[in-house]
Amino acid sequence: PDETRVGAKSMSAAAANPAKSKTYAHQDSLPDYPVPSLEETSEVYLRSLRPLLTDEQYEHSQAVVADFVREGGQAHELQQVLLDRAGEHRNWIEEWWLRMAYLMTRETHAVHVNWFGVFPDWGVKLSPVQAAALMMISTLEFKAALDAQELPPETMRGQPLCMHQYSLIFGSTRIPQEGEDVIETHSDSKHIVVFRNDHVFSVRPYHPDGTMFSVAEAAAMLQQVIDMSSSVLEETEEPSVSVLTAMNRDKWAAVRTDMIERSALNRASIREIETALYCLSFEDSSPTSKQEVAQACLAGDGRNKWFDKSFTTLVFDNGRGGCNAEHSPVDAMVCVAMFDYVVKRTRDKVILEQAHLFGPLPRSAVPPPTKLKFELWPQLSMAIETASVELTQLISDISIRVFKFKHFGKAFIKNYKMHPDFFVQMA
């Protein structure tokens with residue numbers, strides 16, 4: 001049900017060579033998402049029940065389904081609702097799925113909804129600033145290729161798939177509202193928000209003429225973030241405002257509304273985060289094994305992650321990397337395609353260009369980061385403390401184990417015409 005992209009199951013035969021096409025070249029020619037017939041729906045439903053029911057239970061379900069789909073039964077009326085909607089929407093289920101499966105969910109989406117990824121070891125020792133700068137520029141290179149429509153459309157059996165969700169990767173944020181959240185997208189944004197030690201900064205890795213920073217310039221910019229958030233003086237400690245995004249959605253919606261209505265400073269800081277291209281978090285831990293990195297990427301200690309953001313790149317003190325991403329705007333595999341590009345580009349830079357990446361650069365060569373500040377009052381401080389306690393309890397209830405299965409891999413599974421993700425979940 002997660003694959004609701006137009007044309008994901010019924011591809012256009014009109015595209016001759018999608019590999020050489022622009023990213024969104026086939027959007028208008030893709031077929032509409034089909035409505036299955038009542039016969040097909042009832043057949044698939046009963047087939048899915050068969051392994052789960054006794055013979056007596058299955059006979060009862062057969063009778064219920066037969067009555068439901070009989071001529072003049074309720075199924076025909078409901079089927080017509082779907083057909084009417086399909087006549088008005090190219091993908092009749094996409095909005096319903098987004099709203100019902102995600103935006104109406106009221107429990108925290110930290111851990112429960114957000115997904116995570118672990119990046120491979122870079123092969124050489126990198127400082128956190130070096131790793132972050134490399135990944136930032138590789139990510140912006142992906143965005144530049146996407147904006148120029150230089151990324152070929154995804155295909156399945158040689159036919160193009162819908163690429164709409166790629167337009168939602170950057171600048172998207174899930175905005176909490178009572179009852180149902182909304183998705184905002186600001187894909188033309190030029191800033192990135194960086195978290196470290198509960199300090200929050202906005203950085204702009206572009207020159208005034210619109211060209212992106214070099215890796216060395218990005219490193220110089222991020223080093224300033226490290227320097228500005230490294231003081232151990234008590235008066236420089238910042239509240240863990242980001243943990244509010246892990247609250248129950250209705251509670252977070254109420255707190256956010258109060259914050260932006262009572263304080264222009266809070267409103268400006270929150271909107272700077274919500275309109276950013278994405279977030280970057282410097283994590284104050286050094287996980288080494290895949291299991292440790294996985295635990296840290298899923299939740300860590302819960303701080304320094306704006307869980308509403310479409311994705312956050314995580315960089316650890318030992319240079320390891322990963323991501324935490326909000327699932328609502330895009331399917332996970334869309335972001336995975338981006339991160340695959342980012343990892344490959346980062347490794348290429350490390351292996352092929354290492355000697356030229358981090359030359360000495362004076363701090364004055366790049367503009368300083370903008371510190372985002374928040375105004376607090378007793379009720380807000382209490383909300384932050386409560387959110388922190390609840391998130392800590394949730395994290396303490398998580399156990400992750402990473403196993404390596406050596407007997408066969410995805411090629412073997414695909415050879416039997418099954419999707420690896422489906423196969424593993426069924427197993």
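Which residue forms a salt bridge with K143, and how far apart are the closest N and O atoms? The partner is D147, with the closest N and O atoms 2.7 Å apart; a salt bridge here is a side-chain nitrogen of Lys or Arg within 4 Å of a carboxyl oxygen of Asp or Glu.

A word on the basis of this report. This is a predicted model, in which local features need pLDDT of at least 70 and side-chain atom pairs count only at pLDDT 80 or more, while totals for chains, interfaces and linings use all residues. Residues are numbered from 1 along each chain as its sequence is written, and side-chain values use heavy atoms, with hydrogens and water left out.

**Salt bridges**

Side chains of opposite charge can pair when their charged atoms come close. A search of the whole structure finds 24 salt bridges. Three of them are listed here.

| Pair | Closest N to O |
|---|---|
| K143 and D147 | 2.7 Å |
| E141 and R345 | 3.1 Å |

K143 and D147 are four residues apart in helix α5, so about one helical turn separates them. Helices (H or I, at least four residues) and strands (E, at least two) are DSSP runs, numbered from the N terminus. K143 is buried at 5% relative accessible area, whereas D147 is exposed at 52%. Buried means under 20% relative accessible area, exposed over 50%, and partly exposed in between (1.4 Å probe, protein chains only).

R271 is buried at 19%, and E184 is partly exposed at 23%.

E141 pairs with R345; E141 lies in helix α5 (residues 128-147) and R345 in helix α10 (residues 332-357), so the pair ties together parts 204 residues apart in sequence. R345 counts as partly exposed, at 25% relative accessibility.

Elsewhere, a network of salt bridges links R106, R174, D181, R249, D250, D308 and E326.

Helix α8 spans residues 264-274, and its buried residues include N266, I270 and R271.

S21 sits in the segment before α1 (38-49) and is buried, at 16% relative accessibility. Leaving aside neighbours within four places in sequence, S21 is in contact (heavy atoms within 4.5 Å) with H26, L151, P152 and P153.
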